[in-house]
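Please read this briefing alongside the sequence and the model shown below.

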Amino acid sequence: MFKWLDPYAKSETLYHFCGKLLPYLMVTALTLLLLGNVWGLAFTPADYQQGDSYRIIHIHVPSAIMSMGAYAAMASAAFVALVWQIKVAHWAVLAIAPIGATYTAIALITGMAWGKPMWGAWWVWDARLTSELILLFLYLGVIALNGAFSDRQVGAKVSSLLALIGVINLPIIHFSVEWWNTLHQGASITKFARPSIDPSMLWPLLISILAFAVLLMALTCLRLRTAILVNEQHRPWVRKLVGGL
Amino acid sequence: MVSVIFLQRELRLLARQKADWLNPILFFIIVLSLFPLGVGPEPNMLRIIAPGVIWIAALLSVLLASERLFKDDYRNGVIEQLVAGRQSLLAFVLAKTFANWLSTGLPLLLLSPVVALLLGLEQAALGAMALTLLLGTPLLSLLSVLGSALTMAADKGGILLALLILPLYIPLLIFASSAIEAASMGLGYQGQLAILLAMLLLALALVPMAVTSALRINVS
C-alpha cells in the first residue's frame with residue numbers, strides 16, 4: 001500500500017492528482033448539494049411537532065457531522081505528517097483547518113437559529129454546544145499557532161501536534177448527548193438499526209451529508225493545490241507551470 | 001534519580017526568581033477581590049458566584065505563570081542540550097510540571113481557606129473547593145506546560161497561549177465549579193470528583209509525551 005501511496009507524498013504528483021480530481025469533486029458536490037438541499041428544504045413533509053422550522057437540519061446536521069469529519073481528516077493528516085515527516089501532509093492540515101472552522105461556525109449558527117424558536121434561547125450552555133464551541137476554538141488555535149512562528153516548518157509541525165492533541169474532543173462531542181442529560185436531542189440517524197426519522201426526511205438528509213463531505217474534499221484539493229504552489233514557489237516545476245516568473 | 005536533579009534545578013531557579021511565582025498568586029487574590037467590588041458585596045450573591053469566580057481566577061493565574069515556563073530554557077539553549085543529550089526528556093518535563101504545580105497550584109490550595117472567607121463560602125463548600133483544587137491544579141499545570149511547550153518558539157506567545165489553553169481548561173472549569181456548587185447546596189459531589197480524577201490521570205498519561213515531542217519539534 002505504501003508503494004502505491006508513496007508518489008503522492010511528492011508535491012508535484014499530488015498537485016496534478018488534486019487538479020485531476022477537482023472538477024469531478026466540485027461537480028458532484030454541487031449537484032448533491034442542490035439535490036439534497038432543495039429536496040430537503042422545499043419538498044419534504046413538515047414535522048408533526050416542529051413544523052417547518054425543523055428543515056434547517058438539512059444544513060445543520062451535515063455541517064455538524066462534517067465539522068467533526070474534517071477534524072478527523074485533519075488529525076489523520078497531522079499524524080501522517082508527524083510520524084512519517086511528510087511535508088505535504090502538513091500543508092493538508094492547514095488546508096483543512098479553515099474549511100473545518102467554517103463548517104463548525106455554520107453548525108453553530110444554524111443551531112442557534114433553530115434553538116431560538118424551539119428552546120426559546122439563542123444559546124444554552126449545554127454539553128454538545130459547548131464541546132462544538134471548543135472544536136471551533138481548536139480549529140482557530142491550529143490556524144493561529146501556524147502563523148505565530150517565523151520559521152514556517154516549525155509552525156507547521158507545532159500546529160499539526162495541536163491538531164493531534166485536539167482529537168480528544170471528538171468523542172466528547174459525539175457522546176455528549178448520551179453522557180449528559182442535555183437539551184440537545186440525541187442521535188436520530190446514526191442509529192442504523194432503526195433510525196428515528198422518517199425515510200422521506202432521511203434521504204435528502206443523507207444526500208446533504210454526502211454533499212458536504214464531497215464539498216470538503218473538493219475545497220481541500222483546491223486549497224492544497226494553492227498551498228503547494230506557495231510553498232514550492234522556488235522549485236523549477238512551479239516556475240515552469242506559472243510561466244517562468 | 002535524574003528527575004530529582006531536574007527538580008532541584010527548577011526549585012533553585014524558582015527560589016531565585018521569586019516574581020515568577022509570587023505575581024500569579026497576588027494576581028489570584030486581586031482578581032478575587034475585584035468581584036465583590038464589581039458585583040456588590042451582597043453575601044448571597046457572592047456565595048452563588050463563588051465557585052465559578054474561584055476557578056476562573058485560578059485558571060487565569062496559572063495561565064499567567066505558564067507563559068515563561070520554557071522561554072528562558074529555550075533561549076539559553078538548555079532545551080537544545082537536553083534534546084541532543086542522553087538524559088531523559090520525559091524526566092525533565094515531569095520535573096518541570098511538578099515544580100510548576102508546587103509554585104502555582106499548591107499556593108492556591110493553601111490559600112483556599114482565605115478565599116472561602118473572602119467570598120463567604122460555607123464549611124461544606126470549602127471542603128469541596130479544596131478537593132477540586134487538589135485534583136484540578138495538577139491538571140492545570142500539565143495543560144499549561146503543554147501550551148507553553150507548543151508556543152515556546154513562537155514570536156507572539158502570550159495571547160496565543162491563552163487562545164490554545166483556555167479552551168482545554170473548559171471541561172475542568174465545568175466539573176470543578178459544579179462540584180463546589182453541589183456541595184454548597186448540600187448535595188453529593190463524588191461524581192464530579194471522579195471525573196476530575198479521571199481527567200487528571202488521562203492527562204498525566206498522555207500530556208508528558210505530547211510535551212516531549214513539542215520540545216523536540218521546536219529545536220529541530
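Where in chain A is the place of Gln85(A)? Gln85(A) sits in the loop between helix 3 (57–84) and helix 4 (87–119) of chain A, where helices (H or I, at least four residues) and strands (E, at least two) are DSSP runs numbered from the N terminus. This is a predicted model, in which local features need pLDDT of at least 70, side-chain atom pairs count only at pLDDT 80 or more, and totals for chains, interfaces and linings use all residues. Residues are numbered from 1 along each chain as its sequence is written, while chains are lettered from A and ligands numbered from 1 in the order in which they are written.

**The loop residue**
- Gln85(A) has a phi near 55°, which is a positive value in a residue other than glycine.
- Most residues other than glycine have a negative phi.
- Gln85(A) is exposed, with 12 other C-beta atoms within 10 Å; a residue is buried if 20 or more other C-beta atoms, placed from the backbone, lie within 10 Å of its own, exposed if 12 or fewer, and partly exposed in between.

**The fold of chain A**
- Chain A has nine helices and zero strands, and 39% of its 245 residues count as buried.

**The contact between chains A and B**
- The contact, in which two residues count if their C-beta atoms, placed from the backbone, lie within 7 Å, takes 17 residues from chain A and 16 residues from chain B.
- On the side of chain A that touches chain B, helix 5 (127–147) and helix 6 (152–165) of chain A each give two or more residues, and helix 5 of chain A gives the most, with eight residues.
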